[in-house]
Amino acid sequence: MTIRPATKKDEKAVRALVRRCHPGAPVPAPGFYTREHTTLVAEAEGQIIGYTVYRVLPEGPGIGQDLGVAPEWRRQGIADQLYAARVAAMRAEGATHLIGLTRQDNAPMRKLIEAWGALPGTVMPGYYTDTDPPEDGIMYVLTFPKASHA
């Protein structure tokens with residue numbers, strides 16, 4: 001498996017994978033994954049099996065937009081590798097911390113985020129409206145250590 005930046009050619013496959021990972025959730029408009037945000041993809045056996053989307057704001061925070069792994073590839077550490085790649089890329093782009101959001105009942109993602117040292121913060125009641133009833137979101141913040149200048 002390799003993790004690499006997504007290209008325009010990957011957008012259709014990423015959008016299809018988003019639909020598989022998050023059935024019922026709205027899929028952003030074309031261009032979201034390759035023009036407006038940075039997307040990293042995990043590729044194996046000639047197919048995209050996972051993705052992570054983020055952006056780094058000028059003020060310093062990195063915003064984790066989304067992360068998904070194809071159902072048949074889950075429980076193999078791919079999400080952790082994508083999260084690690086996201087953190088490394090954000091830090092390289094100058095982010096001081098990562099702000100992310102996940103569904104409050106998404107135990108696997110919460111476990112992964114907390115294993116990285118991210119602290120849970122604000123609960124956002126009814127944030128995810130693609131379910132009935134709407135699901136709560138929980139915000140996480142992962143502060144990056146300051147780079148040492150030796």
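Which residues does Glu135 touch, not counting those up to four places away in sequence? Arg103, Asp105, Gly126, Tyr127 and Tyr128. Contact here means heavy atoms within 4.5 Å.

## Basis

This is a predicted model, where local features need pLDDT of at least 70, side-chain atom pairs count only at pLDDT 80 or more, and totals for chains, interfaces and linings use all residues. Numbering starts from 1 along each chain as its sequence is written, and side-chain values use heavy atoms, leaving out hydrogens and water.

## The sheet

Seven strands form an open sheet with mixed pairing, in the order S1-S2-S3-S4-S5-S7-S6. Strands S1 (2-5) and S6 (119-128) are the edges, and each pairs on one side only. The twist averages 25° from one strand to the next. Strands (E, at least two residues) and helices (H or I, at least four) are DSSP runs, numbered from the N terminus. Two strands pair if DSSP finds at least two bridges between them.

S2 (residues 38-44) and S3 (residues 47-56) run antiparallel, joined by seven bridges. Glu43 has Ile48 in S3 as its bridge partner.

## Helices on the sheet

Helix H1 (residues 11-21) lies across S2, S3 and S4 (61-69), at about 95° to S3. Helix H3 (residues 78-92) lies across S1, S2, S3, S4, S5 (97-103) and S7 (135-143), at about 160° to S4. Axes are lines fitted to C-alpha atoms, for helices over the stretch in contact; angles run from 0 to 180 degrees between N-to-C directions.

## Glu135

Glu135 lies in strand S7. Its relative accessible area is 17%, so Glu135 is buried (under 20%, 1.4 Å probe, protein chains only). Arg19 is 116 residues away along the chain, with 18 Å between the two C-alpha atoms.

Methods:
Buried < 20%, exposed > 50% of the residue type's maximum accessible area, 1.4 Å probe, protein only.
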